[in-house]
Amino acid sequence: MNLRRYVFQRIVTAFVIFLVILTLNFIIFRTIPGDPIKTMFQDPRMTPQDIQQLREAFGLEKPLLTQYFIYMYNSLTGELGISFTYRDSVWDIVSDRLVNTLILVGGASLLALLLGVSTGIVAAWRRNSLTDFSLLGTSLFFYSVPTFWLGMLSLFALAGLVPSSGMYTPGVDYEGPLDKFFDLMRHLIVPMMVLTLVLFGQYVMLMRSSLIDVLQEDYITTGKAKGLSNRDLLRRHAVPNAMLPMVTVTAINLGLVVGGAIQTETVFSWPGVGLLMYEGLIARDYPILQGSFLVVTLVALVANVLADITYAFLDPRVKVG
Amino acid sequence: MTKKKADVGIGRSRRLGIITDRALWARRADSLRRLAKRSNKNLGLVAHSRMGVVGLLILGAFLFIALAAPLVLDFNPRDFNIGDMFLPPSSEHWLGTDDVGRDVFAELMYGSRVSLLVGIAASGISVLIGGLIGVLAGFYSGAVGEGLMRFTDIFLVIPQLPFMLLIAALAGPSLFNIIVVIGVLSWPGTARIVRAQVLTVRERTFIERARAIGAGDRHIISKHILPNVIPLMFANTILIIAVAILTESTMAFLGLGDPLVISWGSMLHYAFVSLAMSNGAWWYFVPPGVCIAVVVLGFTFLGYAMDEILNPKLRKR
């Protein structure tokens with residue numbers, strides 16, 4: 001199979017999966033009891049006539065299949081409904097917030113990947129030594145600690161040293177873009193550190209076990225027999241191959257990263273999609289919840305496709321199969 | 001062999017091709033002895049693995065606390081005492097009081113019940129679903145298996161926490177709903193692991209032999225496939241309990257906990273919204289997090305130790 005066809009096939013599959021998830025979303029909201037109109041306008045003064053009128057206005061009296069097609073069309077064209085609390089288009093709100101989340105999540109993922117991979121290499125190379133056990137212990141600790149709690153602890157420990165909420169200091173006139181950037185960095189550093197530490201633990205454990213697997217391979221023994229130095233052995237033969245599974249895992253992990261982002265953004269009031277979901281949860285703003293969920297899922301799907309394609313580039317065996 | 005003799009041994013009856021009642025029982029006893037020996041060896045391995053022992057000790061301690069809590073303490077979550085809010089630790093309140101004047105230590109002991117209950121029940125549901133789908137997908141590798149795996153892939157790609165939050169918010173926060181939501185949405189990993197194992201077991205010769213003497217699918221699955229998959233599922237269950245406990249506390253922290261029960265996650269939720277951090281009330285928000293981390297670590301340790309014991313491929317390294 002050539003690469004172009006593989007890429008095309010992956011994109012089509014991802015699109016089909018997205019359609020299925022959209023359908024699932026449609027079904028969930030229609031099987032859960034409760035009248036959406038009553039939930040949206042929590043007003044006891046509404047007469048049955050008012051409710052009926054609103055139901056017709058929102059198309060809830062149309063046959064289910066018609067509703068389904070309208071819903072699919074709207075969702076695919078970015079029409080995700082109106083927020084109960086903001087009374088504004090969900091798509092506009094979510095897409096505004098998405099950039100902020102990507103800054104936080106992107107920075108943390110990259111940092112965690114770098115730190116995790118290098119730590120994992122050390123742990124695998126010195127397997128079963130004291131260094132290995134302490135590194136493994138540290139990563140297991142960060143794996144077991146709730147993200148939001150780590151955030152609360154650092155809020156407490158670093159109170160007063162760095163700003164603890166938001167992205168920018170409110171009400172400040174910046175002297176230039178550089179000034180604004182530094183303010184952003186000061187707000188970013190703690191939330192990003194928390195998210196990094198939580199992801200770090202998983203990457204260390206994955207890289208460690210992946211590299212241990214590779215080090216059992218025959219070509220490593222051959223390399224040793226050839227008289228390669230340990231450094232060359234690791235850098236040229238072991239690590240590149242051990243990195244392969246990390247590509248896939250990084251993409252699959254994206255769901256986890258999003259979960260971590262919800263918690264970190266909530267604790268640090270970082271105005272991203274995660275905080276939006278928390279606000280939607282507290283206010284029971286279902287359109288916001290649903291819209292954020294769909295956007296986040298779409299991002300995860302895209303990341304998965306990108307990872308698959310990267311993998312195919314890196315590992316020529318995929319193309320054959 | 002016409003008269004039943006007391007000293008008919010296994011060897012002799014087997015040689016004669018006759019299985020008497022007594023011989024049958026002797027054989028059963030023999031296999032039981034062998035099984036006991038094998039599990040003894042396994043227990044030995046658990047003891048050898050320090051991780052496993054530490055995990056077991058941690059979990060034993062928390063299980064004891066969870067069971068003993070109602071016997072030792074007289075605690076009512078709705079006993080508010082606003083005058084006593086945020087009292088620091090003292091001989092009367094070992095871990096101080098919370099934002100409505102309740103004893104934090106008592107809350108902590110009660111919270112262990114929720115965490116363990118949710119963790120165990122949710123992972124039970126998840127392993128049942130994941131195991132069923134995994135076994136079916138592995139055994140029927142045609143269109144049925146393919147379809148089931150595509151279904152699993154879809155669930156694998158959906159970001160889990162947002163999906164759980166969405167459904168829990170719609171269904172309403174109650175302990176039962178939280179257990180079901182976590183259980184019903186965390187099975188895809190199990191399904192994949194189980195399927196992979198079934199695929200290798202299915203190709204072994206004893207399956208072919210069973211089929212040759214006319215065994216049906218149901219018989220092969222229950223008598224030959226399941227016994228080979230269950231140990232793996234067991235280790236997986238323990239690891240999933242750890243994840244389920246973390247998920248429960250996260251959902252409770254985000255305000256989706258059952259308002260009628262106290263859990264470690266809901267304690268942290270109230271600590272967060274009552275600004276315990278800026279009030280300096282460390283005794284309110286530090287202990288619940290430590291408990292969550294320690295219990296999750298305990299299950300993770302035990303799970304990895306089990307994995308190492310039940311998965312000979314790992315032991316070799």
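View 1. The model is predicted, and local features need pLDDT of at least 70, side-chain atom pairs count only at pLDDT 80 or more, and totals for chains, interfaces and linings use all residues. Residues are numbered from 1 along each chain as its sequence is written, while chains are lettered from A and ligands numbered from 1 in the order in which they are written. Because nine of the twelve residues of α6(B) are buried, this helix is largely enclosed by the rest of the structure. Helices are DSSP runs (H or I, at least four residues), numbered from the N terminus. After α6(B) comes G172(B), whose phi is positive, near 95°.

**View 2. The side of chain B that touches chain A.** The contact, counted where C-beta atoms placed from the backbone lie within 7 Å, takes 34 residues from chain B and 37 residues from chain A. On the chain B side, the elements that give two or more residues are α5 (143–157), α6 (160–171), α10 (217–256), α11 (264–273) and α12 (282–310), and α6(B) gives the most, with ten residues.

**View 3. Helix α12(A) against α10(B).** Helix α12 (residues 273–282) of chain A and α10(B) pack at an angle of about 65°, with their axes 10 Å apart; axes are lines fitted to C-alpha atoms over the stretch in contact, and angles run from 0 to 180 degrees between N-to-C directions. Here Y278(A), L281(A) and I282(A) of α12(A) meet L254(B), G255(B) and L256(B) of α10(B).

**View 4. Helices α4(B) and α8(B) within chain B.** The axes of α4 (residues 104–139) and α8 (residues 188–202), both of chain B, come within 7 Å and cross at roughly 35°. The crossing of α4(B) and α8(B) is right-handed, the near helix being turned clockwise from the far one by less than a right angle. Among the residues that meet are G130(B), G131(B) and G134(B) in α4(B), and A191(B), V194(B) and V198(B) in α8(B).

Definitions and conventions:
Contact = placed C-beta atoms within 7 Å. Buried ≥ 20, exposed ≤ 12 C-beta atoms within 10 Å, placed from the backbone.
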